[in-house]
Amino acid sequence: MPWKCPVCGTINRDEDLVCRICGAYKPEATTKKISQTPRESIAAVAIVEVLESPIESLIGRKFEFKINTPGAIITVGRAVENQVVIPDPAVSRRHMRLIVTSNGVVVEDLGSSNGTYIIEGNNERLIKVENVGRQAVLKIGNTKLRIYLTHR
């Protein structure tokens with residue numbers, strides 16, 4: 001039976017002992033009590049910067065999020081419920097989420113209509129779920145974003 005990650009909320013296959021996104025253990029996969037498990041700290045700032053957009057007022061805008069523990073989730077999309085709101089008509093209401101881990105940022109497309117692309121040099125590559133490391137340039141709709149982590 002599939003299980004939901006207690007850290008990031010991702011649905012994982014029953015045979016997986018750790019979350020495919022953030023690496024958290026399956027709740028019944030460990031015998032340690034939660035009070036015995038040391039809490040990892042990463043003390044970073046996640047920044048989402050708008051590089052290009054049909055919405056001119058967004059260009060150059062930076063959204064900053066203080067991150068203390070791995071598994072923090074930042075939602076990006078057109079709907080006002082997102083932490084990063086991009087009112088580009090080609091961006092889905094719930095377009096993607098960014099999951100901050102100790103190994104960098106995991107980008108997960110949430111079934112958007114136009115996809116999420118990582119830009120590497122002059123190439124764009126469609127991604128579904130991918131750890132992009134500490135920084136990356138992404139394209140959603142007609143908007144180009146740079147995401148990166150800095151230490152506090």
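1. Strands here are DSSP runs (E, at least two residues), numbered from the N terminus. Two strands pair if DSSP finds at least two bridges between them.

2. Basis of the values. This is a predicted model: local features need pLDDT of at least 70, side-chain atom pairs count only at pLDDT 80 or more, and totals for chains, interfaces and linings use all residues. Residues are numbered from 1 along each chain as its sequence is written, and side-chain values use heavy atoms, with hydrogens and water left out.

3. S5 and S6. Strand S5 (residues 72-77) runs parallel to S6, and two bridges join them. Gly77 has Val85 of S6 as its bridge partner.

4. S12 and its partners. Strand S9 (residues 116-120) is joined to S12 by four bridges, antiparallel. Thr116 stands opposite Ile140 in S12. S12 also pairs with S13, antiparallel, over six bridges. There Ala136 stands opposite Ile147 in S13. The S12-S13 hairpin has two residues between the strands, and Gly141 takes a positive phi near 60°.

5. Faces of S12. Strand S12 (residues 135-140) has a covered face of Ala136, Leu138 and Ile140. Its uncovered face holds Gln135, Val137 and Lys139.

6. Cavity. The count comes to one cavity of 30 Å³ or more. A cavity is a set of points on a 1 Å grid over the protein atoms alone where a 1.4 Å probe fits but cannot get out; lining residues have an atom within 4 Å of a point. The largest cavity has a volume of about 40 Å³. Volume means the space filled by probe spheres set on the points, which are joined across faces, edges and corners.

7. Lining. Strands S3 (44-52), S7 (96-101) and S13 (143-151) each supply at least two lining residues of the largest cavity. The lining includes Ile47, Val100 and Tyr148. It divides into 10 nonpolar, no polar and no charged residues. Nonpolar covers Ala, Val, Leu, Ile, Met, Phe, Trp, Tyr, Cys and Pro; charged covers Asp, Glu, Lys and Arg; the others, Gly among them, are polar.

8. Ser92. This residue is in the loop between S6 and S7. Ser92 counts as buried because its relative accessibility is 12% (buried: under 20% relative accessible area, 1.4 Å probe, protein chains only). Its side chain reaches the backbone nitrogen of Ser113 at 3.0 Å. Not counting residues up to four places away in sequence, Ser92 touches Gly77, Arg78, Ser112 and Ser113 (contact: heavy atoms within 4.5 Å).

Notes
1 Å grid on protein atoms, 1.4 Å probe; cavity = no way out; pocket = protein on both sides within 12 Å on 5 of 7 lines; lining within 4 Å. Buried < 20%, exposed > 50% of the residue type's maximum accessible area, 1.4 Å probe, protein only. Polar contact = N/O pair within 3.5 Å; in protein donor to acceptor, adjacent residues only side chain to side chain.
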